[in-house]
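These are my notes from going through the structure.

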Amino acid sequence: MSDYLGAPLEAVGFQHASAGSLQIGCRVDCWLRTQASGGLEVRFEVFAEHSTIEAAAWLAEWLTGRTIDEASSVTGLWLAEATGMPVERRGDALCIEDALRLALGDET
Amino acid sequence: MTSEPYLDYAATTPLDPRVQAVMNACALSLEGAANPSSAHALGTAAASQVDAAAESIGQLINADPAGLIWTSGATEANNLAILGSALALLSRAPDRRRILVLATDHSAAIEPALAAEKWGFSAVILPVAPSGELLPSVLKDALDEDVALVSLALVNNETGVIQDLKTLAPMVRAVGARLHVDATQAVGRIPVDVSADEIDFLSFSGHKFYGPKGIGGLYACPSLALEPLLHGGGQQAGRRPGTLPVPLIKGMAAAYSFADDQAERDRQNALRARLMEGLSTLGQVVINGQGMLAPHILSLSFPGVHGAALAHALDGLAVSHGSACGSQQGPSHVLRAMGRPNALAHATVRMSIGRFSTNAEVDMAVQRIGDAVATLRGISPIWRELEAGEGIHKVYGMTTPLEVA
């Protein structure tokens, strides 16, 4: 399993936001903080189908070291296409986007 | 050939080599190849083998062999019992128009009951307790003189819950309704006694107890009317026409003669306990099914884990995620009927063991399932909340009592 998944061992300094729910079958939590270098450190917790887990892991790795502006440009559609998520899972991609945006909102 | 353990005996069992030997010898002989309906000597010899198989199975279920009807399997047997009874009662008992089935029964029993509605019957789905048991009080409230038939599975195929026939059957008898028992997961596994439990109809299937696929049976009390569902050909007194497959029938009877005895049940109970013990170390594991349980089935739900992700992680492992027959149809209707919410029902693994299961297979399965659950829980926000002390009931928004290991 990806090193970018799961809650941080030490949550100090991280912004944390949730999107989705257990009842809809997709819940994504984003943990995000700005490193001393200025780049982002991002982790996701995921309760969802495996392609959603893989997409979240890919995005967390992609975001690491990038700027808030770059992270703000991420959309669910872009993520779904970039990771080849099945069409029926595109709603999950929006869930990842929502969690990211909420965490970014707190960070900024 | 896979080296993965096989823990899906409730879906189907491998053919016992002893059964295969019996079938091969039969199929290669002219007596086995002949049509039992033929009047010549070989046909008569084939018919004798069918009669001997009926005699053997009749003894094992303690039923009149004259009541045995060979079918293609339990699905057909259930349909024949339920729809054949409904058709027979259309003119004979116009006041009996309700058919009762358990909410946890196999779709091969529920769907025929619903299908009978086109003839004016009303299918009543009886709720079960969170344990999976049909409570006598629930049956009592539903029973009346207008009930034509009560159908229930003796052993549930997903949870292994055994219904208490000793208590329930006399209640059905008291209102004059017919009793159909779907014994697909019981025959060959636990003792079944048609006479002692006053069962009118009993369904079973050869491939569930190490026999061949494509053959099953329905015991139908010879004194009760039953309309055929198939027409053409007068075999089996017209109750189920079609040329009889002698090697399959003989194979099924042989398989039943090797039925699990108490020692084998004890061994499987020990394997089941080993599975349970190994997986309960994960913590917060929900056990589906309480009360009397069959030795070969264990159903566990893993809170905090997404069902589809778990199924993906266990790809290649021969277990079921709900009913094998209904694996493409959403969350298990059995677990839903037991009060499990969709998300928990999805995150369920049914493990079923059998004659050829070993400690090593069980240990491999515990390792595979344990690793998958621990990994998925490790990245799950739902599990984090459960670990932090939020209860399963709160997180899953449910009130049903659960047995948690």
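How many disulfides are there over all chains? I found 0 disulfides over all chains, taking a disulfide as a pair of cysteine sulfur atoms within 2.5 Å. I noted that this is a predicted model, in which local features need pLDDT of at least 70 and side-chain atom pairs count only at pLDDT 80 or more, while totals for chains, interfaces and linings use all residues. Residues are numbered from 1 along each chain as its sequence is written, chains are lettered from A and ligands numbered from 1 in the order in which they are written, and side-chain values use heavy atoms, with hydrogens and water left out.

I looked up A:C26, which is in no disulfide; its nearest cysteine sulfur belongs to A:C95, 3.6 Å away. That distance is too far for a bond. A:C26 counts as buried at 1% relative accessibility, and A:C95 counts as buried at 6%. Here buried means under 20% relative accessible area, exposed over 50%, and partly exposed in between (1.4 Å probe, protein chains only).

**Interface of chain A and chain B**

I counted contacts as heavy atoms within 4.5 Å. Chain A brings 19 residues to the contact and chain B brings 18 residues. The area buried between the two chains is about 1,500 Å², with 68% of it from carbon and sulfur atoms; buried area is the accessible area (1.4 Å probe) that two parts lose on being put together, summed over both. Of the area that chain A buries against chain B, A:L22, A:R27 and A:F47 supply 39%, more than any other three residues.

I then found 3 salt bridges between chain A and chain B, each a side-chain nitrogen of Lys or Arg within 4 Å of a carboxyl oxygen of Asp or Glu. The side chains of B:R384 and A:D29 form a salt bridge at 2.8 Å, N to O. On the side of chain A that touches chain B, β2 (26-34), β3 (40-47) and α1 (50-63) each supply at least two residues; helices (H or I, at least four residues) and strands (E, at least two) are DSSP runs, numbered from the N terminus.

**Backbone in chain B**

Most residues other than glycine have a negative phi. I checked B:Y210, which has a positive phi of about 75 degrees although it is not a glycine. B:Y210 lies in the loop between β6 (201-205) and β7 (216-220) of chain B and counts as buried at 0% relative accessibility.

B:A237 is not a glycine either and has a positive phi of about 55 degrees. I located B:A237 in the loop between β7 and α8 (246-257) of chain B. Is B:A237 buried or exposed? B:A237 is exposed, with a relative accessible area of 72%.
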